[in-house]
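Biologist: Before we discuss any details, could you put the sequence and the coordinates on the screen, so that we can go through them together?

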Amino acid sequence: MPIRIPRGWEIPESRVTPEHLVFGRRKAIGLGAAIFGAAPAALAQGTLAPLPAMRNTRYAPGRDITAEREATTFNNFYEFGSHKTISREAQRLPQRPWTVKVEGMVETPREFGIEDLLTTMPLEERVYRLRCVEAWSMVVPWTGFPLSALLGVVKPLASARYVVFETAAIPSVMPGLRQSWYPWPYIEGCTIAEAANELSFMVVGAYGKQLAPQNGGPIRFHQPWKYGFKAGKSLVRITLTDRRPVSFWERIQPQEYGFWANVNPEVSHPRWSQASERVIGTNERIPTRLFNGYGDFVADLYTGLGNERLWA
Amino acid sequence: MVLKTVALLFFASALMLALTLGAWWPLGALLFRINPAALNSLQAGVQRYLFPELWDGLFVPLLNTPAWVLPALIGACFLLAASLRPGRG
């Protein structure tokens, strides 16, 4: 008798969303597009406009989704401070107007308005695990689109080898920037191969709403197999280049934070173990998984890179 | 005499910092250049385990003052202490 082992992304037929609900959601997406015009007013009032999108079940997290309140009040965003309670301060970050330049080694450099991205990119919801280098984790339903879709518009040149993400630096609303000795703006990067991986996700929403500023709104990046600090927040520029970028944290503490920063429970941080993680919301301690459990999708990216410091 | 000598050393340090780094080079930038990890750890410690406001309200302004100000202030304190000390004669 043949034994069938289900793949990580497969789910039982009984859990597939019924067709009428799917098309109902599409109507809702259309409604969402219609109300984008109301978004600035909603943001000014401290509320976030709805951003419904159909969930992609290929990336089932295998864990409960973190409560929205937890994910929006326990945040790392260094421009607002090195502590976790920056959510109130971050509300001062204006979310509109907002543009993202995509430039460098591309055929057609472009500056995208956030509304353009929301209406033209193929939005979907993905529930990803997020593993912070500080040994805590969350599960967040992000709304966004694959980075590859954005790169498809600007068409990277064959010579481009890296993608660099730059966070906004607005001293009038970001108190962290008063620490003039840090190498602002916050820079992060990945290889072009990592950028092209299907998991690499440009995030514009969470929990069915537009992305809160404390979570990196209005647009951030996320690669769920890497530690969270690799994900640039509130992005204003994406540059394709042939030179490997030196990221913000690499400049500050190169012995602790490197370019690759792939999750690996067997490689400790210099000051703590990475073997397990504290789940935000429950405080349960669970074992950390190699590549944060996404090895089936990304392990191939790192064959032949044994000389690189892949895990920090 | 000892206090005045120490004060003089601090004043000399202040002058040297101002001449080598420039009059407006912040103390934080100097400490960051010497040991970036230590300053970062100090910030994390103050903001996470004491009060975030303490970092923003006290440490950041202090670290943003020109690097020569701190040794100059310490030198001034030693000079003041020397002047307040009763004479031995």
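Modeller: According to the UniProt record, an unreviewed entry, residues 96–249 of chain A carry the annotation "domain: Oxidoreductase molybdopterin-binding". Please keep in mind that this is a predicted model.

Biologist: How far apart do the end C-alpha atoms of residues 96–249 of chain A lie?

Modeller: The span is 14% helix and 38% strand. Its end C-alpha atoms, those of residues 96–249 of chain A, are separated by 28 Å.

Biologist: Which residue is the bridge partner of Val102(A) in β2(A)?

Modeller: Strand β1 (residues 99–104) of chain A pairs with strand β2 (residues 110–113) of chain A in the antiparallel sense, over four bridges, and a hairpin of five residues joins β1(A) to β2(A). Within β2(A), the partner of Val102(A) is Arg110(A).

Biologist: Which residue in the turn between β3(A) and β4(A) has a positive phi?

Modeller: Strand β3 (residues 124–131) of chain A runs antiparallel to β4(A), and eight bridges join them, with Arg129(A) standing opposite Val139(A) in β4(A). The two strands β3(A) and β4(A) form a hairpin with four residues between them. The turn residue with a positive phi, of about 70°, is Ala135(A).

Biologist: How many residues of strand β4 (residues 136–146) of chain A are buried?

Modeller: A residue counts as buried if 20 or more other C-beta atoms lie within 10 Å of its own. By that criterion strand β4 of chain A is mostly covered, and of its eleven residues the number buried is eight.

Biologist: Which residue in β7(A) is the bridge partner of Trp142(A)?

Modeller: β4(A) is joined by two bridges to strand β11 (residues 276–279) of chain A, running parallel, where Ser137(A) has Val279(A) as its bridge partner. With strand β7 (residues 201–206) of chain A, β4(A) runs antiparallel, and five bridges join the two. In β7(A), the partner of Trp142(A) is Ala206(A).

Biologist: Which helix supplies the largest share of the side of chain B that touches chain A?

Modeller: In the contact between the chains, 15 residues of chain B meet ten residues of chain A. Helices α2 (27–34), α3 (36–50) and α4 (52–63) of chain B each supply at least two residues of the side that touches chain A. The largest share, seven residues, comes from α3(B).

Biologist: How many residues on the side of chain B that touches chain A are nonpolar?

Modeller: Sorted by class, that side of chain B has five polar and two charged residues. The nonpolar residues there number eight.

Technical notes: Residues numbered from 1 in each chain as written. Chains lettered and ligands numbered in written order. Predicted model: local features only at pLDDT ≥ 70, side-chain atom pairs only at ≥ 80, totals over all residues. Pairing = 2+ DSSP bridges. Contact = placed C-beta atoms within 7 Å. Nonpolar A, V, L, I, M, F, W, Y, C, P; charged D, E, K, R; others polar. Buried ≥ 20, exposed ≤ 12 C-beta atoms within 10 Å, placed from the backbone. UniProt positions renumbered as here; feature names shortened; annotations may be inferred.
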